[in-house]
Amino acid sequence: MIKSLNAVALSTLILSVAVSATAQTTTQTQTQNKTPAPAAKTTEQTPAPAAKTEEKSASGAEDITDVTVFLKKKSSVPQQNMRIDTRSASSCGFFGSDGSADYMADYIRDFTGSNDASDPNSFDENSPNGDASRDGGTSFFDQNQAAADSESGEPSTGGCTTTDRAFAAARARIARNDTTITEAFALFDQKKYPEALAMFKKSYDKIGYEDAALMIGKMYLYGMGTQKDSKQAVYWFRRVAERPFDINKEIHKFDPKNPEAANTLAEANLTLAKIYLTGYGVPKDQKEALKWFERASYIGYIPATKTVGDMYYNGVGTTKDVKKAVKNYQDAAKYGYAPAQYALAEILYTGEGDIKADRKMALAWYNESAKANHPGGLYALGVAYDAGEGVPADQQKALGFYKEAAIRGNADAQNAVGTYFYQGGSLLPKDDTAARQWFEVAAKNGQTDAQFNLAVMYMKGEGGPKNLVNAYLWFAMARKGGHENATAALKAVQAQMTEADKAELSKLLAPEPKG
C-alpha cells in the first residue's frame with residue numbers, strides 16, 4: 001500500500017535556527033519526496049505509468065529543523081400486491097408455470113404503470129373475489145357456475161382458486177385503506193415515542209410492513225419509547241433481514257451520486273452487521289458482522305461490498321485474504337464506487353501477496369476515483385503530475401489536484417499546499433501565514449511532516465508569533481509519528497527555552513489530577 005509522507009518534489013527549503021548559546025549553527029536539508037500512488041490523466045482511461053521513484057534532494061545546507069518538504073397516476077396499492085406471482089413456491093400458480101408470464105407482467109407494469117388486464121393472475125380488489133372478468137369476457141359468475149359442474153367444485157384460473165384470489169384481493173383492500181404506518185411515523189415525528197412504537201407494532205401485525213419492523217428494531221436499540229433492549233432490536237432487524245429475497249426482482253439499485261442510500265432490507269442487514277462489529281448491546285462478534293455485511297453485499301448494497309473487502313484485507317472476522325479483498329474491491333469499483341476504486345488502486349500500484357503490481361491499471365483506477373472527487377484519488381493524480389509518473393510532468397496541474405484534495409480533507413495534500421506557499425514561486429507567491437495555516441490543518445489531521453513543519457515555524461516565528469512551547473509539543477508529536485529528525489529538533493528547541501517556557505511546558509504535560 002502507498003503511504004506518502006510528503007506530497008511534492010520541491011527544491012530545498014532551508015530554515016536557519018540557532019541551536020546553542022554560542023550561536024553555532026548546523027544546517028541540514030531534508031526534503032523528502034516519497035512518491036505515493038500516482039494516477040492517470042483525466043482524459044485517459046488506462047494511461048501507461050512510469051516506474052515509481054524515490055528521490056532525496058540535497059544542498060549545501062544542513063539544518064535538522066528544515067521544513068520537510070412522465071408522471072402516471074398509479075394505484076395506492078403496490079403493483080406487486082395486485083397480482084399473484086407464480087415464481088413464488090407458495091403461490092397457487094407455481095406448479096405448471098415456468099414463470100415467464102410473470103417476467104412479462106413485470107415489464108408491462110413497469111412500462112405502462114398498470115397491470116396487464118389479460119394476465120390471468122392479476123386481480124382487482126374491488127371485484128368479487130378479486131376477479132375483474134377475464135378470459136374472453138367470461139365473468140366471475142360464469143366461471144363459478146362452470147366450476148360447480150366440474151369434479152373439483154372450485155373455480156380456478158391459471159392454477160389459482162377463488163379462495164386464493166379472495167385472500168389476495170382482501171389483503172390489497174386492507175393495504176389500500178390502512179393508515180397505521182402513516183400514523184406511526186407521524187407520532188414518531190412528534191416525539192411521541194411510546195405511542196409510535198405501539199402503532200408500528202400494530203402496523204406490522206396488520207400488514208407486515210418492513211419499514212415498521214425496522215423502526216421497531218431501531219426504537220428498541222436506542223431506547224426510544226421503551227427501555228433499550230438489544231435482544232429485541234436484533235429480533236426485529238432479523239425479521240426484515242432474513243426474509244426470502246428474490247435477486248431477480250429486489251436487487252438494490254446502486255446510485256453513484258448517492259452511494260450510501262439504502263433500502264429497508266439493506267439497512268436491516270447493515271444495522272445487524274454494525275451491532276455485532278461494535279458489540280452494541282451484544283458481545284462483539286466480527287465473524288457474525290462479516291456474515292451480515294456479506295448479505296448486504298449480496299442484495300446489491302455496494303458500499304457493503306467494499307466493507308467486506310476491507311474485512312478480508314485486514315483479517316477482521318476472517319483470516320487475511322488479499323485476493324478476496326481485491327475481488328470485492330473490483331466488484332464494487334465497477335459500479336463506480338470511488339472508495340473501492342481507490343482501495344483497488346492502492347493494492348495494484350505496489351502489488352501485495354499474490355496480487356502482482358499493475359501500475360497502468362492502478363493509475364486508471366486512481367483516475368476513476370478522482371472523477372468522483374475522492375480525496376485520495378485527487379492527491380494521487382497530483383503526485384502523478386508532480387513527478388511525471390504515467391503522465392507528462394505538469395506542476396500547475398499537480399497543484400490544482402493538491403488543492404482539490406486538500407479542501408476535501410486529505411492531510412498529505414494539505415501539507416503539499418503548505419509547502420507550495422512556504423517555498424513560493426511562479427505558481428504561488430511565498431506566503432508564510434498561509435503556509436502555517438495549511439501545516440496546522442494537516443498536522444491536526446495527523447500528517448507527520450506537517451507536524452514537524454508547523455513546529456519549525458513556531459520555533460522561528462514564521463507566519464505568526466514565535467512559541468517555543470508549541471514548537472516542542474509539535475516536534476514531540478512528529479517524533480511519535482516516526483519523523484527521523486524530530487528527536488534532534490526537540491533538543492534544539494529545548495536549548496532555547498526559558499525557565500518560564502519550561503514551567504509552562506511542564507504544566508501542560510503534567511497528568512490531570514484524578515477525581
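Guide: Rings of Phe, Tyr and Trp (its six-membered ring) pair if their centres lie within 6.5 Å; planes under 30 degrees apart count as stacked, over 60 as edge-to-face and the rest as tilted. This is a predicted model, where local features need pLDDT of at least 70 and side-chain atom pairs count only at pLDDT 80 or more, while totals for chains, interfaces and linings use all residues. Residues are numbered from 1 along each chain as its sequence is written, and side-chain values use heavy atoms, leaving out hydrogens and water.

Visitor: How many aromatic pairs does the rule give?

Guide: The count is twelve aromatic pairs. Tyr 204, Tyr 235 and Trp 236 form one aromatic cluster.

Visitor: What makes Tyr 385 and Phe 401 a stacked pair?

Guide: Their ring centres are 5.8 Å apart, within 6.5 Å, and their planes stand at 10°, under 30 degrees, so the pair is stacked.

Visitor: Why is Tyr 222 called partly exposed?

Guide: Buried means under 20% relative accessible area, exposed over 50%, and partly exposed in between (1.4 Å probe, protein chains only). Tyr 222 has 46%, so Tyr 222 is partly exposed. Tyr 280, at 33%, is therefore partly exposed too. By contrast, Tyr 385 and Phe 401 are buried.

Visitor: How do you know that a charge sits over the ring of Tyr 458?

Guide: The rule asks for NZ of Lys or CZ of Arg within 6 Å of the ring centre and within 35 degrees of the ring normal. The charged end of Arg 436 sits over that ring, 4.2 Å from its centre. Likewise, the charged end of Arg 359 sits over the ring of Tyr 349, 4.6 Å from its centre.
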